[in-house]
Amino acid sequence: GPEIAQPTKTSVQIGPQAHIDVKDNCRYMNHSCDPNTEMKNGQFVALKTIEPGAEITFDYNASEDVLSNPFVCRDCGQMIRGKLLHKKALEMP
């Protein structure tokens, strides 16, 4: 997708101020705290074998600085906000 400067609900961060809009290509990928892919050099790379028909997932807190639409993870119950806000939350007493 096209490169954009600000995060959106359908973008993935590929650099400090760089995001790509993936709404057409990756719209069925979802967040997981135990993902089967990760973002490396602007590409999704499998972390383990992904069986046919399995959901493709990645950890939004690991790839995004700040999410445009934070949400509560359905698996762990934590707020998924992006790595900068996640780190701050962990540092708070």
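How many aromatic pairs does the structure hold? The structure, which is a predicted model, holds 3 of them, where rings of Phe, Tyr and Trp (for Trp, its six-membered ring) pair if their centres lie within 6.5 Å, and where planes under 30 degrees apart count as stacked, over 60 as edge-to-face and the rest as tilted. One of these pairs is made by Phe58 and Tyr60, and it is tilted, with 4.8 Å from centre to centre and 50° between the planes. Tyr60 also pairs with Phe71, here edge-to-face, at 5.8 Å centre to centre and with 80° between the planes. This second pair links distant parts of the chain, since Tyr60 sits in helix H1 (residues 60-63) and Phe71 in strand E8 (residues 71-72), 11 residues apart. By helices I mean DSSP runs of H or I of at least four residues, and by strands DSSP runs of E of at least two, both numbered from the N terminus.

Taken together, Phe44, Phe58, Tyr60 and Phe71 form one aromatic cluster.

Before I go on, a word on how to read these values: residues are numbered from 1 along each chain as its sequence is written, and side-chain values use heavy atoms, with hydrogens and water left out. Because this is a predicted model, local features need a pLDDT of at least 70 and side-chain atom pairs count only at pLDDT 80 or more, while totals for chains, interfaces and linings use all residues.

Phe58 and Tyr60 also belong to the largest nonpolar core, which has 10 residues in all, among them Val12, Ile20, Val22 and Met39. Such a core is a set of buried Ala, Val, Leu, Ile, Met, Phe, Trp, Tyr and Cys residues joined through side-chain atoms within 4.5 Å. If we leave aside residues up to four places away in sequence, Val12 touches several others, including Ile20, Met39, Phe44 and Phe58, where a contact means heavy atoms within 4.5 Å.

Let us turn to the strands, which pair if DSSP finds at least two bridges between them. Strand E5 (residues 37-40) and strand E6 (residues 43-46) run antiparallel and are joined by 4 bridges, and Met39 has Phe44 in E6 as its bridge partner. Their hairpin has 2 residues between the strands, and Asn41 takes a positive phi near 50° there. Gly42 also lies in the loop between E5 and E6, and, at 32% relative accessibility, Gly42 counts as partly exposed. Although 27 residues separate Gly42 from Gly15 in sequence, their C-alpha atoms are 8.0 Å apart in space.

Gly15 brings us to an open sheet of 3 strands, with the order E1-E3-E2 and antiparallel pairing. Strand E1 (3-4) and strand E2 (11-15) are the edge strands, each pairing on one side only. Between E2 and strand E3 (residues 18-21) there are 4 bridges in the antiparallel sense, and the partner of Gly15 in E3 is Ala18.

What is the count of disulfides? It comes to 0, a disulfide being a pair of cysteine sulfur atoms within 2.5 Å. The sulfur of Cys33 has its closest cysteine sulfur in Cys76, at 3.5 Å, so the two are too far apart for a bond. Both residues count as partly exposed, Cys33 at 41% and Cys76 at 37%.

Finally, the whole chain: the protein chain has 2 helices and 9 strands, and buried residues make up 28% of its 93 residues. Its average pLDDT, the predictor's confidence in each residue from 0 to 100, is 82, and 87% of the residues score at least 70. Among the elements, helix H2 (residues 83-91) has the lowest mean pLDDT, 65, while E8 has the highest, 92.

Notes. Buried < 20%, exposed > 50% of the residue type's maximum accessible area, 1.4 Å probe, protein only.
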